[in-house]
Amino acid sequence: MSYLTVEKKANIFKEFGGSEKNTGSVEAQIALLTERINSISGHLKQNKKDFSTHRGLMKMVGQRKRLLAYLSKTNLTGYRALIEKLGIRK
């Protein structure tokens, strides 16, 4: 399982949050959760019986879902741009 390095996190925050210091923006949090979800999904494809990691994955998916719902209520154009950029919805 490849963990997020400091450089990867800084790049995500810079790309989606505007700057490396803007870690609290909703877009940056969603992008970081998406990166972690994709990483853990790859791990679970190889380790199907890792149930504790599966529970953590489900919690992250729920958190991302709540953040996306908040973003769609407050900034619909930003929501649409973000899901297009991340490729979340089809």
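**Notes on helix packing**

1. Helices α2 and α3 are roughly antiparallel to each other, a label for angles over 145 degrees. Their axes cross at roughly 155° and come within 10 Å; axes are lines fitted to C-alpha atoms over the stretch in contact, with angles from 0 to 180 degrees between N-to-C directions. Helix α3 covers residues 51-74; helices are DSSP runs (H or I, at least four residues) numbered from the N terminus.

2. A caution before going further: this is a predicted model, where local features need pLDDT of at least 70 and side-chain atom pairs count only at pLDDT 80 or more, while totals for chains, interfaces and linings use all residues. Residues are numbered from 1 along each chain as its sequence is written, and side-chain values use heavy atoms, without hydrogens and water.

3. α2 passes α3 in a left-handed crossing (the near helix is turned anticlockwise from the far one by less than a right angle; clockwise is right-handed). Contact (heavy atoms within 4.5 Å) involves, among others, I30, L33 and I37 of α2 and L57, V61 and L68 of α3.

4. Helix α1 (residues 6-17) packs on α2 (residues 26-46) at about 140°, with axes 8 Å apart. The pair is therefore oblique, and the crossing of α1 past α2 is right-handed. I12, F13 and F16 of α1 are among the contacting residues, as are A28, A31 and L32 of α2.

5. Do look at F16: the charged end of K85 sits over its ring, 5.0 Å from the centre (NZ of Lys or CZ of Arg within 6 Å of the ring centre and within 35 degrees of the ring normal).

Note on methods: Helix = DSSP H or I, 4+ residues; strand = E, 2+ residues; numbered from the N terminus. Parallel < 35°, antiparallel > 145°, perpendicular 65-115°, else oblique.
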